[in-house]
Amino acid sequence: MRKPKVRAAPKKSERKKVFQKRPLEKAQKEREARAVDRLEQELLKGTMKFGKVVLQPLEELTVRPRRSTSRDAPGGHADHDTDVGEQKDISEINLAAGLNLFQGDILLPRTRNALRDPASRWKFPIPYILADNLDLNAKGAILNAFEMFRLKSCVDFKPYEGESSYIIFQKFSGCWSMVGDQHGGQNLSIGERCDYKAIIEHEILHALGFYHEQSRTDRDDYVDIWWDEIMTGYLRQTGKSGENSMAEQYLRVLSPTDYEHNFNTYDDNTITDLNTPYDYESVMHYGPFSFNKNESVPTITTKIPEFNAIIGQRLDLSAIDLMRLNRMYNCTATHTLLDHCAFEKTNICGMIQGTIDDADWVRGDSSQPGQVDHTLVGQCKGAGYFMSFNTSSGVTGEGALLESRILYPKRKQQCLQFFYKMTGSPADRLEVWVRRDDSTGKVRKLTKIQTFQGDSDHNWKIAHVTLNEEKKFRYVFLGAKGDPGNSDGGIYLDDITLTETPCPAGVWTIRNISQVLENTVQGERLLSPRFYSSEGYGLGVTLYPNGRITSNPGYLGLAFHLYSGDNDMILEWPVENRQAIMTILDQEPDARNRMSLSMMFTTSKYQTSPGGRLYTHCNCFRSIDWGWGQAISHQLLKRRSFLKDDTLIIFVDFQDLTHLTKTEVPTSGRSMMPRGLLLQGQEPLALGEGSRKAVMEESLPSGLGQRQASRQKRSAENTGPVEDHNWSQYFRDPCDPNPCQNEGTCVNVKGMASCRCVSGHAFFYTGERCQATHVHGSLLGLLIGCVAGLIFLTFVVFSNTYQKLRQ
Ligand SMILES: [Zn+2]
């Protein structure tokens, strides 16, 4: 199985050439960068005042590395805009943590393999616990990954409420997971530097029952494994100690120094590909340099060379990952994608033309001269449809409605995203309305939500409209003619997506991106306009089209900064525990197939307030940058629809995660791990290997498990977090609907519902949901007296009546 390839291997030097990873001139560049830093600091000496916030000079605003986390300045650029740290892949992170797990990041129980075993499939929603040893950023990133699963599949998660099967996300060394439902509380480690959306998705996919793509039976038809380049006899020690050290020791002591096992394949008895093709783009595929001996020499190369830049992508689930997931779990719908339409099919997704208007939207295609849709941007002739409304004829005020089918929301907030252009008169209007249930069950009542005015801009533009629908509804586009005499165009619509997720706080569109990439030099940057977060913080994005000056060439860099803004006087400073999320949108029409890049970090007390230099484009002050010099390679960027229509679209969000500070809940004291864990060296007999017998008979001690073993078992019925199963506490108000009984008041305490029970003169209520009724002790006697009195009175009245009747 693990024989060197029969085919002639390219010479090492040739392979090196293909994979130039570290340029020689890096040290020189770093020296230049330090010079630039010094220059910038000179410019920024002195303290500036803005509102009530005293702004600090740049060097005092610097992010200092904290012991507990590596998210800050690991590169040691302590006096300049800060790189959060190059995103490392799972194999690198786990190696650095001294781990040698089965297939790199799988904690193996002694069971049948998960993928083929229906008993190890989960029932949804999967109960989860976010342990408090996780970094706050990791907690936010995990909830973000949950949201991606909810958007794309039927996989769902719920906070733990005493179930027997659940996943506890903890921070151990490295990123790893068990495979499939182990029918007990099972650990999933999101260690240092693992808190990236795609890495978390990768580990969750293991937990859902998937192995690595390159361990497929037919792997050798698609990739070459360079066995002589795989590291041997090498195990780095991290020398860490603390809460995780016991787990770490177990893992490390039992680890053999053999890494070839990472590249084994498994036969049909072990894994199934669920009848899907080999997927170079899978988030479960290793990258070319996994477990390599020599820095620039790969251990995996693809037989079709174009895919060398693709394997190991850590953007998001691929289309085939998703297909497999949906097949394994028989998913037919998603949780948060309500509607999407690219107008490619004649039924236009069940949309209807309004009946009360006098004009119509027309479905057009890209084959008409001068007409290009957004779905395919004219790549195919005769395909690529859009909807249009001609505003150059008829009379002013004439309009046409385009209505969605009736939709049934599950949440209370939706985001309507669409692409549009208005090429006619500036007086033309595109309005978004909703038609609501008029309380008789008919979806009839119209409410206007937002208006877009004509602008004669011939570019497709992205738009987001927030809806707050709780009952069945339709969304409606109204095109209105403003001035037909002065219009030679119309209103165009394409690629509509309706999700039950919040709209982004900021959307930055960069046009002619291919020119930008070509004409900027490394280190040069573009600043976004100022956006405001939902709380009112001013924020922006810095784009480094060719990376930071210290980056390797061929990458795009991305960073976040704060701007001073209109609300600074009343806002909380320093602005801690906010997660900044920057997303480069993959402009695929179907949100399920999008593989957008999302980078996120969470602010610490060192990331304080906007400071530094006055910028004229916003007439505001700007903080230093925090971000990634190498967010995504140009190769990956050009491959998917990131640069569609020669336009790059970046979303930015800034969310308060303070309510996630305390998320851990006690468990029922069960063993956190099934017995008989196996690490590499002891594989199940089904796998036909197992030369080393490094068996760990006892459950892997988990810090949390031990701490919690002594805790009292609590009844799940009464004391689980008051949570609705289909909702992430991240995106909803836990008090809506009010879970408290007996008119108790619900208070949102760090994202969890806490009931304040009513206490009346005679009764008071207790219990987590105020479900228990008590009578006040002092009143009890009185009450008994009253009841007794009432009975006595009744008796007297009755006997009097009886006596009267007898008379
Ligand atoms: Zn893995």
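**Close-up 1. The zinc donors follow the spacing D-x96-H-x3-H-x5-H along the chain.** The protein donors are Asp 105 (OD), Asp 105 (OD), His 202 (NE2), His 206 (NE2) and His 212 (NE2), lying 2.0 to 2.1 Å from the zinc ion. Asp 105 sits in the loop between α3 (90-96) and β4 (108-109), and His 212 in the loop between α5 (197-208) and β10 (223-225), so the pair ties together parts that are 107 residues apart in sequence. Both Asp 105 and His 212 are buried. Donors are N, O and S atoms within 2.8 Å of the metal (3.2 Å for Na, K and Ca); water is not among the atoms, so sites may look incomplete. This is a predicted model: local features need pLDDT of at least 70, side-chain atom pairs count only at pLDDT 80 or more, and totals for chains, interfaces and linings use all residues. Residues are numbered from 1 along each chain as its sequence is written, and side-chain values use heavy atoms, with hydrogens and water left out.

**Close-up 2. Helix α5 is mostly covered.** 12 of its 12 residues are buried, among them His 202 and His 206. Buried means under 20% relative accessible area, exposed over 50%, partly exposed in between (1.4 Å probe, protein chains only). Helices (H or I, at least four residues) and strands (E, at least two) are DSSP runs, numbered from the N terminus. Gly 209 follows α5, and its phi is positive, near 120°.

**Close-up 3. An open sheet has 5 strands in the order β6-β5-β7-β9-β8.** The pairing is mixed. β6 (157-159) and β8 (175-177) are the edge strands, and each pairs on one side only. Two strands pair if DSSP finds at least two bridges between them. β8 and β9 (residues 185-190) run antiparallel, joined by 3 bridges. Trp 176 stands opposite Ser 189 in β9.

**Close-up 4. Cys 154 and Cys 331 form a disulfide.** Their sulfur atoms are 2.0 Å apart; a disulfide is a pair of cysteine sulfur atoms within 2.5 Å. With -70° about the S-S bond, this link is left-handed. Cys 154 lies in the loop between α4 and β6, and Cys 331 in the loop between α7 (319-328) and β12 (337-341), 177 residues apart. Cys 154 counts as buried at 15% relative accessibility.

**Close-up 5. A disulfide joins Cys 341 to Cys 349.** The sulfur atoms are 1.9 Å apart. With 85° about the S-S bond, the link is right-handed. Cys 341 is buried at 2% relative accessibility, whereas Cys 349 is partly exposed at 22%.
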